[in-house]
Amino acid sequence: MASRGPTKDRQGKTPWMVVLIHAPWYNSNNAHQGENESVSMKEAMEDLLYHAHVDVVFAGHVHAYERFTRVYKDKSDNCGPVHITMEMGVTVKASLQEYMDPKPDISIFREASFGHGILEVVNASHALWTGIGMIIMNQLLVTLSGYKFSSNPACKA
């Protein structure tokens, strides 16, 4: 029977799998907790993305930046995708600058500011993510995070 979907064979043909969604499945912003769009989609699709060996999931919706470690089922997992919320335009409301305290262990970096990001695929095993934000009060361009990550061949088997 033919395989329906990504398999270990994709490593040579499609070394990176990137998924774009609207509402993040993982975020620690107080203004966006428990939203049906996030909760329902995560419940319906997280296993699918995990077993498809997705490398990174980009989301928007929150109007703030947050990057998570590789995660699956709310826990750090070396075979799970990196989750990045990158909706950093339009408006920065005071409520969007309020985050859970303490920060969840799986949240690596978070910042409520304007900006954009660049994903540079270096080769079949390494990529570089750079989130670039504008801190409005200081009108200073800063690099929010330079994050090198690699695919884990052990997870693709």
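Analyst: Let us begin with pairing: two strands pair if DSSP finds at least two bridges between them. The model shown here is a predicted one, and in it Glu66 stands opposite Thr85 in β5.

User: How many bridges join β3 to β5, and how many join β2 to β5?

Analyst: Between β3 and β5, which run antiparallel, there are four bridges; β2 and β5 are likewise joined by four bridges, but these two strands run parallel.

User: Why is β5 described as largely enclosed by the rest of the structure?

Analyst: Burial is judged by relative accessible area, with buried meaning under 20%. Five of the five residues of β5 (residues 82–86) are buried, and therefore the strand is largely enclosed by the rest of the structure. Val82, Ile84 and Met86 point one way from the strand, while His83 and Thr85 point the other way, and all are buried.

User: Is Val62, in the loop between β2 and β3, buried or exposed?

Analyst: Val62, which lies in that loop, counts as buried because its relative accessibility is 2%. The C-alpha atom of Val62 is separated by 7.4 Å from that of Ala23, although the two residues are 39 residues apart along the chain.

User: Which residues have the most contacts inside the largest nonpolar core?

Analyst: As a general idea, nonpolar side chains in soluble globular proteins tend to be buried together. Here the largest nonpolar core has 13 residues, and those with the most contacts inside it are Val19, Ile21, Tyr26, Leu49, Val54 and Val57. Strands β2 (56–59) and β3 (65–72) each supply at least two residues of this core. Apart from it lies another core, of seven residues, including Phe58, Tyr65, Val82 and Ile84.

User: Which residues are closest to the centre of the largest pocket?

Analyst: The largest pocket has a volume of about 230 Å³, and of the 16 residues that line it, Trp25, Tyr26, Asn27, Gln33 and Asp74 are the closest to its centre. The lining divides into eight nonpolar, five polar and three charged residues, and helix α2 (residues 36–51) gives the most to it, with three residues.

Note on methods
Residues are numbered from 1 along each chain as its sequence is written. This is a predicted model: local features need pLDDT of at least 70, side-chain atom pairs count only at pLDDT 80 or more; totals for chains, interfaces and linings use all residues. Side-chain values use heavy atoms; hydrogens and water are left out. On a 1 Å grid over the protein atoms alone, a cavity is a set of points where a 1.4 Å probe fits but cannot get out, and a pocket is an open set with protein on both sides within 12 Å along at least five of seven lines; lining residues have an atom within 4 Å of a point. Grid points are joined across faces, edges and corners, and a volume is the space filled by probe spheres set on the points. Ala, Val, Leu, Ile, Met, Phe, Trp, Tyr, Cys and Pro count as nonpolar, Asp, Glu, Lys and Arg as charged, and the others, Gly among them, as polar. A nonpolar core is a set of buried Ala, Val, Leu, Ile, Met, Phe, Trp, Tyr and Cys residues joined through side-chain atoms within 4.5 Å. Buried means under 20% relative accessible area, exposed over 50%, partly exposed in between (1.4 Å probe, protein chains only).
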